[in-house]
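Please prepare a short report on the model shown below, covering its surface, its strands and the confidence of the prediction.

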Amino acid sequence: MYRFTRSAMMQPMMSSGMGMAPFFKVTVYEQEHFQGKCQEFTSECCNIQECGFDNIRSIRVESGAWVGYEHHDFQGQQFILERGEYPHWDAYSGNLAYHVERLMSFRPIFCASHQSSRMTIFERENFLGRNAEVCDDYPSLQAMGWCRPEVGSMHVQCGAFVCYEFPGYRGRQYIMECERHSGDFQHWRNWGSHSQTPQIQSIRRIQH
């Protein structure tokens, strides 16, 4: 096994909170630019339509890290939501190859720990083949020494990461948490209901 230790070439856009475990708070809006009907949440929502919303088109995350989903019941494309403002879909979409202006459910990421996140990525499924320990932010895995555009499986020892389909934190997002599947993601299809390819080319720690 080898370990990536070089500092990241590009830092995540939002800064991490320090101190005790975060309190979770997010406000969602039915229209872009924080207009229209709004509601504050401090816990998960499995279907925003049950709260009287047609859709979520802008978001303010006041504390904690969250993951939003394209469909209700935490299904479909995943979108990392860290502390900050998201006035429209493009602000959190990661520049997806296809346009999905829909966010129907969301939940907190309790295990996010920017200062102590660590996982191991493997070349092949079932934790086989070449592997590397990841404990930093990597806008390009290949630039850091990972020779393939794909990752076959992952084991998250602690914290949480967001993995991206393309370099520069772009494309489909996959949220990897130590509390999901006991941190074991044996096959790329375990990454989420939207998983269509093992391609992962950038990874970063999730801010809390």
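Of the 208 residues of the chain, 53% count as buried, where buried means under 20% relative accessible area, exposed over 50%, and partly exposed in between (1.4 Å probe, protein chains only).

This is a predicted model, in which local features need pLDDT of at least 70 and side-chain atom pairs count only at pLDDT 80 or more, while totals for chains, interfaces and linings use all residues. Residues are numbered from 1 along each chain as its sequence is written, and side-chain values use heavy atoms, with hydrogens and water left out.

The pLDDT, which is the predictor's confidence in each residue on a scale from 0 to 100, averages 87 over the chain, and 87% of the residues score at least 70. Over residues 5-21 the pLDDT stays under 50, and for this stretch the model has 36 contacts beyond four places in sequence, a contact being heavy atoms within 4.5 Å. Where pLDDT is low, the predicted coordinates should not be read in detail.

| Confidence in the chain | Strand | Mean pLDDT |
|---|---|---|
| Lowest | E1 (residues 2-3) | 52 |
| Highest | E8 (residues 105-108) | 98 |

The chain has 0 helices and 15 strands, both taken as DSSP runs numbered from the N terminus (helices H or I, at least four residues; strands E, at least two). Among contacts in the chain between residues at least 6 apart in sequence, 71% join residues at least 24 apart.

Four of the strands form an open antiparallel sheet in the order E3-E2-E4-E7, where two strands pair if DSSP finds at least two bridges between them. Strand E3 (35-41) and strand E7 (84-86) stand at the edges with a single partner strand each, so one side of each is left without a neighbour in the sheet. Strand E2 (residues 25-31) pairs with E3 in the antiparallel sense over 5 bridges, and valine 28 has glutamine 39 in E3 as its bridge partner.

Further along, strand E12 (residues 160-166) is joined to E13 by 6 bridges and the two run antiparallel, with phenylalanine 161 opposite methionine 176 in E13. Their hairpin has 3 residues between the strands, and glycine 168 takes a positive phi near 75 degrees in it. Strand E13 (residues 170-177) is mostly covered, with 7 of its 8 residues buried.
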